[in-house]
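Please look over the charged residues with me. My notes follow, point by point.

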Amino acid sequence: MHRHEIAVKSVKAEVNFDFSKHTTYGLGGIAKIAYFPSNEEEAVTVYKYLKKHGEKFVILGKGSNLLVSDKYFDGAVICTKYLQGIEIDGNCLKILSGTTVQQLLSFCVKNGITGFEYLAAIPASIGGLAVMNGGTSDKRIASNILSIKVFDGKMRELSNKNCNFGNKHSTMSDINALILAVYAGFEWEKPEKVEGNISYYLCQRKGQPRGKSCGCVFKNPEGLSAGKIIDDAGLKGMKIGGAEVSREHANFIINNGGSSSDVYSLIKAVKKSVYEKTGINLEEEVIYIGEFNDELNC
């Protein structure tokens, strides 16, 4: 037996993995198997094993910003939820990809580190934020990142420039590489000041829509607000099945006991209606996993 096949048996795994228990939408079908590496070595071992056997696979962090099909996923999941840890490495932080925003901010308060407070209340892992260049309308995670350690068959360290960060996009969005760690710059600050900054951003986000969602569904077009465009098109409250365009923020689609198919159909319907009324072709920020029936053409 190949050494990778022996090593992968020691990695925590779950057969018939239920996506709905691991996504913020609370939706998604079953995957054949999921692996939960707890360190970089295990993560690389699983990646090599799946590649060697030609297995289809996806990489899952906190499960935000995703819509997973209701259908069976005949492949594997590499779930980074246990790939967690933060250490001060010289003049930067080394943050393992499965580390959550909440864990990072707790570390920053404890150690008097500033520069990440704007991420407060974002339900994401650091690896997921790096892939999507997530953040707020004023600041994105790219502004913190010095480099990213990835594995795509070879161990690589991509500089900030080589990540090609854009509007909710990066190099990592286009390649099925495994993000192992993010190296981020930081500054020292009094812990009480850091805590105060976090409280400020939490207050700023109190008005976010309640309910199960993926966060914002669409990217903001240059100089415009996707939420305002959808609102002006009169689509707040639009429903398909158990999915509804939020009445609080039109760029959120809420799952009110529906299916992934309901959410997908509503996304396409919103795109179609906005295009017909404004000529603007909204681009999804949400990432799709699995197969969907594309019955609505925009």
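1. K94 is buried, because its relative accessibility is 14% (buried means under 20% relative accessible area, exposed over 50%, partly exposed in between, with a 1.4 Å probe and protein chains only). This is a predicted model: local features need pLDDT of at least 70, side-chain atom pairs count only at pLDDT 80 or more, and totals for chains, interfaces and linings use all residues. Residues are numbered from 1 along each chain as its sequence is written, and side-chain values use heavy atoms, leaving out hydrogens and water.

2. Which side chain meets K94 in a salt bridge? It is E40, at 2.9 Å, N to O (a salt bridge is a side-chain nitrogen of Lys or Arg within 4 Å of a carboxyl oxygen of Asp or Glu). The pair links distant parts of the chain, 54 residues apart. E40 sits in helix α2 (residues 40-52) and K94 in strand β7 (residues 92-96). Helices (H or I, at least four residues) and strands (E, at least two) are DSSP runs, numbered from the N terminus. E40 is buried too, since its relative accessible area is 16%.

3. The structure holds 13 salt bridges. One of them joins D152 and R156, at 2.9 Å, N to O. D152 is partly exposed at 30%, and R156 is partly exposed at 38%.

4. K236 and D231 also form a salt bridge, at 3.4 Å, N to O. K236 has 30% relative accessibility, so K236 counts as partly exposed. D231 is partly exposed at 33%.

5. Salt bridges can also form a network: here one links K32, E55 and D74.
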